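This report concerns a ligand site and a pocket in a protein model. Please consult the sequence and structure shown here while reading.

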Amino acid sequence: MKHHKHRPPREVRIHGFDARGGGEGLDVNGTKWSIRGAPVGALIQAAGRNYDGTRLSLLEPAPDAVTPECGVFGVCGGCQWQEMPVERQREEKGRMLARLLGELGGEDHGVVSDGPAYGYRNKIELTFGTGRYLLSHELNTEIKREGRWLGFHAPGRYDRIVDTPDCALASPAINAVYARIRADVLASEFGFWDCNAHTGFFRNLILREGSSREVLAALYTAPGADEHAAWLRERAPSWGASCVGWFENPTSADAAVGDLREVLVDSGSGLSITASLGGIRFQLATTAFFQVNVPGAELLVDVVRRYLGAGGPGSVLWDLYCGAGLLGLACADRFGTVVGIELVEAAAADARANAAFNGVENVTFVAGHVEKLVGTLAPPDAVIVDPPRGGLHPDALAVVAGLAASVGTEGHPTSRVLVYVACKPTSLLRDGKLLAAAGWVCTDRVAVDLFPQTAHVEVVTRWVARAHP
Ligand SMILES: C[S@@+](CC[C@H](N)C(=O)[O-])C[C@H]1O[C@@H](n2cnc3c(N)ncnc32)[C@H](O)[C@@H]1O
């Protein structure tokens, strides 16, 4: 077997992006490379496997290079593209999608966006640890690996923390609360979690922001003693969060999970905040799924509504993979009934609660697997699918694809529309080819840049099936 890892480093000029967000280019031997975090136009020294190369150094920046706003850019792994102007990022996302998805047909409406290119995230999740991931300028300095660190996991390292005082993608309100909590926990005498020894007190921190800039803080710790409780009760009210929950995680699982021990600060409605999106108000608990970029998600909802059109009274809309019900609820005024299916029971329960909170009565949210339940539903006039990155389950795809063949037959409408929202374009390509083969016609495609500075992009496609006269 060849050991690609031991190939000598190569110089690669990046000319575009591939579907995974890697920078593409050729080395002197004409070998094609895909390199993570390599900006278009730059000359990169790369090593490793050519199809998943590692950037060793930036030999020459791109002519339009900009300075990253984040002090740990390139290390924390959350962002890949801060060295490119955001307009360039969108141009490249559009070019990559046109190349990849062109064969599906339909009019290409490019990449749209709204809101700021930094500071847009309304939720971050941080980890406490005792092993620091050293940045290149920290190697061979007096900075020690062992200590008390708070930040993000280094990619691929469960035991190393990229210590950071803020996140350039997080909203200013979140960063302000984070700064206060960070200063307090560092000044405390309590230990941070050592994921090898399973010792320490502070473990994880989730911060999420609502529409009125209020912040929910959820602090996860090892089971606490009286001294911990006394400290938390004294300090939490000064953090500037509208509600603070203290959760205890007695397990070794390295994740923000645990049982609520105490609401340290109450928002007035317990441990939840509210957020508006698509004309719907959502009550968000600590872990409820919600779009992280609200201005961008407003655009997404707007596109989905336009692409679906209006079904009218008596019509049926399926919202498959509905999460907490965002898309189905935002479109419920245009259809007779909406049926949503979502795997995670808590999310389906949130969807039902959100419907009640907004007085939307023509919706039903069912918890379960789409692939198992979709065949049992009444035939729809319109369908939304918003699956996870892997795309549609083959059994779900078979049912949705089959809806093209039944248009115009008894008990079915004479035309149907399908809106496919995809977070992984290659999954959309695979599923889209099968939809097209089954008789669906792609009419429109647009990408929404929900995650500036990263390689991620959300693609919305509109499909139509009509009965032959
Ligand atoms: C991309 S999210 C959709 C979010 C939602 N449409 C929204 O905008 O808020 C995908 C959802 O599919 C759910 N899911 C994953 N696999 C599923 C399955 N087999 N059946 C039903 N839901 C599933 C996930 O729990 C997640 O909530």
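## Basis of the model

The model is predicted; local features need pLDDT of at least 70 and side-chain atom pairs count only at pLDDT 80 or more, while totals for chains, interfaces and linings use all residues. Residues are numbered from 1 along each chain as its sequence is written, and side-chain values use heavy atoms, without hydrogens and water.

## The ligand site

The ligand is surrounded by 17 residues (each with a heavy atom within 4 Å of it). The closest are Glu342, Leu343, Val370, Glu371 and Asp386. Helix 5 (326–331) and helix 7 (370–373) each supply at least two residues of this shell; helices are DSSP runs (H or I, at least four residues), numbered from the N terminus.

Ligand oxygen atoms lie 2.6 Å from a side-chain N or O atom of Glu342 and 3.2 Å from one of Gln291. A ligand nitrogen atom is 2.9 Å from a polar backbone atom of Val370. The protein covers 85% of the 610 Å² of accessible area that the ligand has on its own (Shrake-Rupley method, 1.4 Å probe).

## The second largest pocket

This pocket holds about 250 Å³ of space, the volume filled by probe spheres set on grid points. A pocket is an open set of points on a 1 Å grid where a 1.4 Å probe fits, with protein on both sides within 12 Å along at least five of seven lines; lining residues have an atom within 4 Å of a point. Of its 16 lining residues, Tyr120, Glu209, Arg213, Val294 and Pro295 are closest to the centre.

Because domain 2 (103–115 + 293–466) and domain 3 (123–275) both give residues to the lining, the second largest pocket lies between them. The domain bounds come from an automatic or database assignment.

Key:
A polar contact is a pair of N or O atoms within 3.5 Å; within protein, one must be able to donate a hydrogen and the other to accept it, and residues adjacent in sequence count only if both atoms are side-chain atoms.
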